[in-house]
Amino acid sequence: MGQKCMTDNKLTAPAVHSLDSFSLSVPDVKEAQRYYEAFGLDVRSESGFLTLRTFGDDHIWAYLREGPAKKLLSIRLGIYDRDREALASRIDDVRIAPADGEVNGLWCQAPGGPPIELAVAAKSSPDHKPPFGLPSGFAQGRGAAPRSKCNTVRPRRLAHIAIFTPDVSAAIRFYTERLGLRLSDRSGDDVAFLHGPHGSDHHLVAFARSPHVGLHHSSWDVASFSDVGMGAMQMAQAGYAAGWGLGRHVLGSNYFHYVRDPWGSYAEYSADMDFIPADTSWVAGDHPPEDSFFQWGPPPPDDMARNFELP
């Protein structure tokens with residue numbers, strides 16, 4: 001059933017409000033830097049690890065550390081200070097030691113998922129649907145610019161991450177009952193999408209079934225349909241042509257192009273995702289597979305759903 005959210009966020013039940021960041025280990029941070037710089041992110045080397053920002057915003061969306069294999073190390077979810085104690089009581093029996101030495105956040109272990117840090121932070125998920133459209137024409141009577149004159153596509157923010165988990169239903173229960181997120185849509189026990197009750201995109205976090213936890217993709221919001229296509233070309237020119245797109249999803253409705261990284265997960269250019277305001281009732285559906293993946297686009301690669309973090 002749909003749930004009614006109060007317009008005043010102060011009256012909303014304690015809950016996560018944003019996907020703040022994620023931490024990932026990769027076998028080669030120099031190659032990771034090359035990949036994410038080509039993708040259009042502000043990549044910085046800091047004390048032995050990389051940070052990922054979007055240009056014009058100092059928020060750190062991801063931390064990348066060198067390790068023996070690609071591995072999703074943890075995710076950080078933003079909460080309001082007023083909700084800290086209530087959320088702490090909900091996760092008391094699954095609290096864990098900080099994964100990276102951070103002592104300010106609340107750390108917990110989700111079933112079949114990565115360690116989670118609940119951190120008091122400013123809301124980084126949008127409060128309204130971001131603007132979306134086509135770029136203005138290149139010149140009078142000419143809509144498209146020559147490729148040599150096109151600007152670099154630069155994402156605006158981290159939109160969501162998709163996590164592999166052995167039990168999608170258990171993940172839904174944990175993130176909704178313990179952390180206050182709400183189910184947007186699902187397809188049986190194969191995939192699920194969750195949003196924040198304070199107003200957010202159709203999903204901040206998505207889950208896909210796999211025998212082992214892992215990162216399937218990080219998704220980055222861009223301003224236009226054209227940016228999705230130009231981003232794909234930008235990455236192909238940099239040597240990263242493998243992926244999936246251009247297409248449009250059904251659940252979330254966003255236009256997409258996924259670019260495969262050197263270790264088997266993806267970064268997604270995403271535009272025009274559905275938005276669920278704080279004062280809107282949203283009825284979560286359970287959709288058949290043919291209505292839950294994509295509305296149009298090329299066939300996905302055979303290994304699109306493969307988890308490369310399997311032991």
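## How confident is the model?

What pLDDT does the protein chain average? This is a predicted model, in which local features need pLDDT of at least 70 and side-chain atom pairs count only at pLDDT 80 or more, while totals for chains, interfaces and linings use all residues. Residues are numbered from 1 along each chain as its sequence is written, and side-chain values use heavy atoms, leaving out hydrogens and water.

The average for the protein chain is 92, and 94% of the residues score at least 70; pLDDT is the predictor's confidence in each residue, from 0 to 100. Over residues 1-9, pLDDT stays under 50. For this stretch the model has 22 contacts (heavy atoms within 4.5 Å) beyond four places in sequence.

## Aromatic rings

Welcome to the rings: the structure holds 16 aromatic pairs. Rings of Phe, Tyr and Trp (its six-membered ring) pair if their centres lie within 6.5 Å; planes under 30 degrees apart count as stacked, over 60 as edge-to-face and the rest as tilted. Trp244 and Tyr258 are stacked, because their ring centres are 5.7 Å apart and their planes at 15 degrees.

Trp244 is buried (under 20% relative accessible area, with exposed over 50% and partly exposed in between, using a 1.4 Å probe and protein chains only), at 2%. Tyr258 is also buried, at 4%. One aromatic cluster is formed by Trp244, Phe256, Tyr258, Tyr266, Phe293 and Phe294.

## Charges over rings

Here, a charge sits over a ring if NZ of Lys or CZ of Arg is within 6 Å of the ring centre and within 35 degrees of the ring normal. The charged end of Arg65 sits over the ring of Phe49, 4.8 Å from its centre. Likewise, Arg82 has its charged end over the ring of Tyr80, 4.2 Å from the centre of that ring.
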